[in-house]
Amino acid sequence: MKKCIVLLLALFLLTGCAAQEKTAALTASCQEIAEKVMAAAGFQELTAINEKYLEKHFLIRADDLEDWALYRDATRATPEMVLIAKVKSDADQAAVKKALNAYNSEQLTLYRDYQPDQAAKLERAKALQNGAYLALIVSPDADKTTAALGQGWRE
Amino acid sequence: MHQRHFLSGLQPRACAAGLIFLLLFSMVFPALGETQAASSGLVPPPDPVEHEPVGDDYFEDAVFLGDSMMENIEMLDLFPTANFVTLIGMSPISADKKLFHLPGDDRFVTAYDVISQYPHQKIFILLGGNALDHKPSDGTLQDYRKMMERMIQEYPDSYFFVLCPPSMTRTKMAQASISPKRYQNFREGLKQLAEEMHLYFIDLYALFVGEDGFLLTEHAAFDGFHLKAESSKILEDYIRRHTVEVE
């Protein structure tokens, strides 16, 4: 009986800690998640991009986002980029996700013509979602960055 | 028999009036049959005179049209008041074929449609780099001329600034199997075209090139073709110092 209580207590503490960790992770800023992702693979030099560019090129409204971080290879020699966004609860999350996938698909068409050797990076990219968070990552090593994103999201 | 000159019957005053009429006509229609930008600033094209850098307000009615190199300038927000029409891989021949999306509009539109949406008294164009890597300078210049004919037709009251693209590094040129001569020829041809069509010529080629005709490595991004961010800032300063006061 004592053993059972100890085991139950241990289980309670473990799940409690895990739940607490998960809650903490869900409040992580997009900047923090983006930094984790960028550190995970050998990206080209990425530059922080402003709201005007985000809205014009990705066709999403910054007003629909509670928080976001966008970095990309500003030379455009590669399509490498990291976009992490937290969508506002009253915004259309599906529409934002659709816009990100549409953007990636257009970039793929352009790069197949412009720099075909870079197209594989876009082929492996798609909008990923965890609750209110969305991510579009075009990476030189998708496995590493997806793992880092998972860690950032504490999945 | 002495032949009468066809003007001999005219009075000197009538001849003078005729000459003045012809002179005025040639000023109004400087090259009938050729396409020229109608607008000239207070400095005649093609070479803007260097001056103190202009501020952001100068670019409030400016559109920057171009390829990845121009998108780089947009991303770095070097001309925050200007509007940009950029698409990676764009070249003079594809300027009317590439399609754009505008925010809040599901339709695909051309670069010309997008330019029309913005104030466009001044249009800065940086194109050619994506053609020269696989097409000789003559062919690229022909495409450029056709593009400019359409531009002038679409925007007859705009002032055009053609930005001559920088060269490539030695390594990049070797990979593409081209010689620096191609970029040199393009530069000469583009300057001539600018003169002919009354466009302003901004020489970014000369700004970043070494004596051997290659892009200086200190300005080149890792691919030997695009510019480093610091060099894009040099480019920004150069453009701000080579504008013209418009009427």
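In this model, 23 residues of chain A touch 26 residues of chain B, where contact means heavy atoms within 4.5 Å. This is a predicted model, in which local features need pLDDT of at least 70 and side-chain atom pairs count only at pLDDT 80 or more, while totals for chains, interfaces and linings use all residues. Residues are numbered from 1 along each chain as its sequence is written, chains are lettered from A in the order in which they are written, and side-chain values use heavy atoms, with hydrogens and water left out.

- Put together, chain A and chain B bury about 1,900 Å² between them, and carbon and sulfur atoms give 60% of that. Buried area here is the accessible area (1.4 Å probe) that two parts lose on being put together, summed over both.
- On the chain A side, K56(A), T75(A) and Y114(A) lose the most area to chain B, and together they make up 28% of what that side buries.
- Four salt bridges cross the interface of chain A and chain B. The rule for a salt bridge is a side-chain nitrogen of Lys or Arg within 4 Å of a carboxyl oxygen of Asp or Glu.
- One salt bridge pairs the side chains of R76(A) and E71(B), at 2.7 Å from N to O.
- There are also 12 residue pairs in polar contact across the interface of chain A and chain B, both residues being at pLDDT 80 or more. A polar contact is a pair of N or O atoms within 3.5 Å; within protein, one must be able to donate a hydrogen and the other to accept it, and residues adjacent in sequence count only if both atoms are side-chain atoms.
- Which elements of chain A give two or more residues to the side that touches chain B? They are α3 (51-58), β2 (65-73) and α4.
- Helix α4(A) provides the largest share of that side, with six residues.
- By residue type, the side of chain A that touches chain B splits into eight nonpolar, seven polar and eight charged.

**Chain A as a whole**

- Chain A has six helices and five strands, and from the N terminus on they run α-α-β-α-β-β-α-α-β-β-α. Helices (H or I, at least four residues) and strands (E, at least two) are DSSP runs, numbered from the N terminus.
- Of the 155 residues in chain A, 45% are buried. Buried means under 20% relative accessible area, exposed over 50%, and partly exposed in between (1.4 Å probe, protein chains only).
- Among contacts in chain A with a separation of 6 or more, 62% join residues 24 or more positions apart.

**A look at helix α4(A)**

- Helix α4(A) covers residues 93-114, which makes 22 residues. From first C-alpha to last, α4(A) reaches 31 Å, close to the 32 Å expected at 1.5 Å a residue; the expected span is 1.5 Å times one less than the number of residues.
- At the start of α4(A), a side-chain oxygen of D92(A) comes within 3.3 Å of the backbone nitrogen of A94(A).
- The buried residues of α4(A) include V96(A), L100(A), Y103(A), N104(A) and Y114(A).

**A look at T75(A)**

- T75(A) sits in the loop between β2 and β3 (81-87) of chain A.
- Is T75(A) buried or exposed? T75(A) counts as buried, because its relative accessibility is 10%.
- A polar atom of the T75(A) side chain lies 3.0 Å from the backbone nitrogen of A77(A).
- Beyond its neighbours within four places in sequence, T75(A) is in contact with S68(B), N72(B), A221(B), F222(B), H226(B) and L227(B).

**Salt bridges in chain B**

- Over all chains, the count comes to 24 salt bridges.
- R150(B) and D96(B) form a salt bridge, with the closest N and O atoms 3.9 Å apart. R150(B) lies in helix α5 (residues 137-154) of chain B and D96(B) in the loop between β2 (83-86) and β3 (99-102), so the pair ties together parts that are 54 residues apart in sequence.
- R150(B) is partly exposed, at 29% relative accessibility, and D96(B) is partly exposed, at 34%.
- D96(B), K97(B), R150(B) and E154(B) are linked in a salt-bridge network.
- R241(B) and D237(B) form a salt bridge at 2.9 Å between the closest N and O atoms. Because they are four residues apart in helix α9 (residues 229-241) of chain B, R241(B) and D237(B) are separated by about one helical turn.

Terms used: Ala, Val, Leu, Ile, Met, Phe, Trp, Tyr, Cys and Pro count as nonpolar, Asp, Glu, Lys and Arg as charged, and the others, Gly among them, as polar.
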